[in-house]
Amino acid sequence: MSEYTAIVKWQKAEQEDFLTHQYSRAHTWSFDGGLTIPASSSPHIVPLPYSEEANVDPEEAFVAALSSCHMLFFLAIAAQRKFIIQEYVDNATGTLAKDSDGKMAMTKVTLRPQITFIGNQPTRQQLEEIHHLSHEKCFIANSVKTAVTTEIIE
């Protein structure tokens, strides 16, 4: 068992009117390695100026976490199979919509990894198998009910 931590910090500014929802949703995420990331609600959910468009929002972080987890397992499996990867770029997207219970949820995440290999090139079937195994092993994917699909980009 492992435990992971994050410190999420928000503070009301002096002039903000909290009770009328006229306050910034900007906050920070701090991690044990010392990195602090500016975060906010999504401007799709809370309109500007109460959101910070440049900051990471929880929905984007969710998509990034799934993509990153999948990629890390993909890299490990590819290395085990003697495929050398030069670059891995994933233009992942998430869909926020009502789920089967009528609640807003990330209902689908699509991973679109484009991978550049050096030397030995995997077949389409080998790529599909490595992606399938990566999904099966991904801790984050195993933790959510969201449909996660992979569209292989060649």
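Where is K82 found? K82 is found in the loop between helix 1 and strand 4 (84-90), where helices (H or I, at least four residues) and strands (E, at least two) are DSSP runs numbered from the N terminus. The model is predicted: local features need pLDDT of at least 70 and side-chain atom pairs count only at pLDDT 80 or more, while totals for chains, interfaces and linings use all residues. Residues are numbered from 1 along each chain as its sequence is written, and side-chain values use heavy atoms, with hydrogens and water left out.

**Backbone**

- Most residues other than glycine have a negative phi, and most peptide bonds are trans.
- K82 has a positive phi, near 70°.
- With a relative accessibility of 65%, K82 counts as exposed (buried is under 20% relative accessible area, exposed over 50%, partly exposed in between; 1.4 Å probe, protein chains only).
- H21, in the loop between strand 1 and strand 2, also has a positive phi, near 65°.
- L48 and P49 are joined by a cis peptide bond with omega of about 10°; P49 belongs to the loop between strand 3 (36-39) and helix 1.

**Pockets**

- A pocket is an open set of points on a 1 Å grid over the protein atoms alone, where a 1.4 Å probe fits, with protein on both sides within 12 Å along at least five of seven lines; lining residues have an atom within 4 Å of a point.
- The largest pocket holds about 600 Å³ of space, a volume being the space filled by probe spheres set on the points.
- Its lining has 17 residues, of which Y4, T5, F31, A65 and I140 lie nearest the centre.
- Helix 1 (residues 58-80) gives the largest share of this lining, seven residues.
- The lining of the largest pocket comprises 13 nonpolar, three polar and one charged residues (Ala, Val, Leu, Ile, Met, Phe, Trp, Tyr, Cys and Pro count as nonpolar, Asp, Glu, Lys and Arg as charged, the others, Gly among them, as polar).
- The second largest pocket holds about 150 Å³, and its lining has four nonpolar, four polar and three charged residues.

**Surface patch**

- W10, F18 and L19 form a nonpolar surface patch with about 340 Å² of accessible area together (Shrake-Rupley method, 1.4 Å probe).
- Patch residues have over 30% relative accessible area and no salt bridge, and nonpolar side chains are joined within 5 Å; a salt bridge is a side-chain nitrogen of Lys or Arg within 4 Å of a carboxyl oxygen of Asp or Glu.
- F18 lies in the loop between strand 1 (7-9) and strand 2 (27-30) and is partly exposed, at 40% relative accessible area.

How values were computed: Patch = residues over 30% accessible without salt bridge, like charges linked within 9 Å, V, L, I, M, F, W, Y side chains within 5 Å.
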